[in-house]
Amino acid sequence: MAFERPSWRTRSSTIEPLTNVIVEMEEVIVTADIPCADVSKIRVSFVDEKTLEITAQLKRKFRFQDFNISHRRGEFSRYHAMVTIPVPIEKRIALTCEKNILEIRLPRKSIVST
Amino acid sequence: MVLGLSHSVSIFERGLVPEDAIIIAGLPDVGLVGVIAGLHLASSLQMEDVGSIESDLFPPLVSLHNGLPKAAVRILRSGNLILILSETAIPANAVYKLSQAIVQWAMKKKAKLIISLGGIAVEDRISLKNPRVFATASDEKTLQGLKEKSIQVLDRGYIVGPYALILKYAAMEGLPAITLLAESFFNYPDPEAAATAILELNKILGLNIDVKELLARGEEIRLASRDFMNRTQMEMERMRKSQEYDVPPIHV
């Protein structure tokens, strides 16, 4: 069993957001909860055929002290997530962001039936 | 004082818990609605620690506050309001014992009412400006009281988790209980839903708890609650929480 890792990465100053992947008949919907992010600074790109990389800049830097944690060092300036898409998709991305919840819609690849 | 209520859950009282109290449960659930609402109640009403719930079924942890250990599941009080507040995900295998212990303790303390604050996950939550709050009750009289206050009743469906069992055991014991469920995200912390649940609680109990600050700090609360939400989601999956989405069979 893999050792659990924290959702905060001090080396890269990133925070891993909570994400969801929903597979619909014609599209895949990926959502990410990105509170306190600057919605004008979101980047979504494909790493490979089935991996989506999401980064979003925070409006300000957060430190552990902001959450009354004094024994840890580090500050965080952006969200970062790698999301695996479970079915084949077209590499076309449609983004919306409401209430700082990012929604990414990806059309599924049509499969020719015989 | 230790009340030996079951083999694996103990309730410790360190302060006065009055009789005829109203017990509010703020346990981790969908959207962390109960916990976020509970934390806001605790600070708004300046509640004091009067006890804790301990169990060998809980993770072996303490929550540190200003360098001092606090139980992960605390009992707080303000006047005749008692709040059970958990700062850790409740393990799926602890749900039965914990729910039994809470109801037995409430009976022993001659509590007037238990109100569980929680969420009910809805798929279109992102597009909802004003989440609705649904309620269920342990008995007909309590349910009628909710209807008279124009609170929407959850007529049919399933509730899964500690709130389901608190409601069931309370009904079995004849103890009035209410479950207030605000429409929320399943696995994203939802301070808006928590604020809506508090407004309904105000209506039921005649309180006047302000939610402006809770809403204003919503994004910060969401950011700080990610890890707790993640662990709660793992436990919800173990207790098959998704059964709440199921459509029950039709009664002919």
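In what order do the 4 strands of the open sheet in chain A run? The order is S3-S4-S9-S8, with antiparallel pairing. Strands here are DSSP runs of E, at least two residues long, and helices are runs of H or I of at least four, both numbered from the N terminus; two strands pair if DSSP finds at least two bridges between them.

Before going on, a word on the model: it is predicted, local features need pLDDT of at least 70, side-chain atom pairs count only at pLDDT 80 or more, and totals for chains, interfaces and linings use all residues. Residues are numbered from 1 along each chain as its sequence is written, while chains are lettered from A and ligands numbered from 1 in the order in which they are written.

S3(A) pairs with strand S4 (residues 27–33) of chain A in the antiparallel sense, over 6 bridges. Within this pairing, Asn20(A) has Thr31(A) in S4(A) as its bridge partner.

Asn20(A) also leads us to chain B. Leaving aside neighbours within four places in sequence, Asn187(B) is in contact with Leu18(A), Asn20(A), Met229(B) and Gln233(B), where contact means that C-beta atoms, placed from the backbone, lie within 7 Å. You can find Asn187(B) in the loop between strand S12 (177–184) and helix H5 (191–205) of chain B. Asn187(B) counts as buried because 23 other C-beta atoms lie within 10 Å, and the cut-off for buried is 20 or more.

Taken as a whole, 11 residues of chain A are in contact with 12 residues of chain B.

Definitions and conventions
Two residues are in contact if their C-beta atoms, placed from the backbone, lie within 7 Å. A residue is buried if 20 or more other C-beta atoms lie within 10 Å of its own, exposed if 12 or fewer, and partly exposed in between; C-beta atoms are placed from the backbone.
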